[in-house]
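Please keep the model in view while reading them.

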Amino acid sequence: MTENIVRRRWRDHEPAFGAMLGIPAISTAHAMAGAGFDWVIIEQQHAYVTEDSIPALLHALELGGTTPFVRIGENDPIGIQRALDLGARGIVAPMVNTPEQAEMVRDNTRFPPLGARSWGAPRLHATPAAANDDVLTLVMIETPLALSNIDAILAVEGIDGAVMGPSDMALSMGADVAAGIDDPQVWQAFETIGDSAKRLGKHYGAYVFTAEVAQRMVDHGADFVLFSTDIGYVGAGAAADIEAIGRIRSRSAV
C-alpha cells in the first residue's frame, strides 16, 4: 500500500495540495497524478464518474504517485463504504449541515469501535484498525446552516476536517457565485470554519480559483487547498491555444 501523502503532509505540519478528477479516463488520471499533486479527488457529485470506473481511476492515481480520494455523489452509507472498499484513501462528503449527518458519514468511514462500517475484505487494508488509522474523512461545509453548526460538526470524533465549497456557500448566501471565496461574506465563512477547526484540532481548506487565493488561505492557517479540475485544466489549455491562434490569424491578415 502506498503512503497516504495527505496524512504525511499534516504530520509534518505542511499543507496538502490537490485537484479534482471528473473525466473517467485512465489517461486523464495518469496525467493528473503525474502532475505532482499530493492528492486527487475523484468527483462523483458533479461529473461523469460512475462506480464502475472508480477502481481503475483509483489504481491509476496511486500508480502515478498521488493519494486518491472520492467525493461521493450523495451521503449514502453503501456508496461511502463501497468507495473505501474499492481503494479510496479518503472520503469527501458533500452538503453536511448537521452533526447528525456528520455522524452518519463517520459511521460509514470507520470500523467499530469508532464507527459502524461493515467489513468486506477491502482492497488495501489488512485490518479494521489499519483502515481507521489510514482513511481520512472530510465533510463539506456549503450552507449557512452548516456554518451555524460548525463546532458541533467538527467535534464529531472520526471527522478529520472540513472542506468549504465556496460556490455553494456563495449561492446559499445570495452572494456572487463567480467570485466564490473572494466575496467578503464567503471569506468570512471560511474564517469561521478555520477558527473552529483550529480550536478543535481538525483540518480545513477549500476549493480555489487562483494561486493568490490559495496563498491567502494558507496564510490564514488552512492545511489543504484544492485547485482546479481536470475539465478545468483542459478548458484553460484549449483557451490559451485559441488565444494564440487569434494572434496568429491577426498577423497573417496583415
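Predicted model: local features only at pLDDT ≥ 70, side-chain atom pairs only at ≥ 80, totals over all residues.

1. A search of the whole structure finds eight aromatic pairs. In one of them, the ring centres of Trp10 and Phe224 lie 6.2 Å apart with the planes at 40 degrees, so this pair is tilted. Trp10 belongs to helix α1 (residues 5-11) and Phe224 to strand β8 (residues 224-229), so that the pair joins distant parts of the chain, 214 residues apart.

2. A further pair is formed by Trp39 and Phe69, whose ring centres are 4.7 Å apart and whose planes stand at 70 degrees; because that angle is over 60, the pair counts as edge-to-face. Here too distant parts of the chain are linked, with Trp39 in strand β2 (residues 39-43) and Phe69 in strand β3 (residues 67-71), 30 residues apart. Trp39 and Phe69 are both buried.

3. What sits over the ring of Trp187? It is the charged end of Arg216, placed 3.8 Å from the centre of that ring.

4. Turning to helix α4 (residues 77-85), the buried residues are Ile80, Gln81, Ala83, Leu84 and Asp85. An α-helix has 3.6 residues a turn, so residues three or four places apart point the same way. The buried residues of α4 pack against α3 (54-63), β3, β4 (90-93) and α5 (99-109). After α4 comes Gly87, which has a positive phi, near 125 degrees.

Notes. Residues numbered from 1 in each chain as written. Heavy atoms only, no water. Phe/Tyr/Trp six-rings, centres within 6.5 Å; stacked < 30°, edge-to-face > 60°. Helix = DSSP H or I, 4+ residues; strand = E, 2+ residues; numbered from the N terminus. Buried < 20%, exposed > 50% of the residue type's maximum accessible area, 1.4 Å probe, protein only. Lys NZ or Arg CZ within 6 Å of the ring centre and 35° of its normal. Contact = heavy atoms within 4.5 Å.
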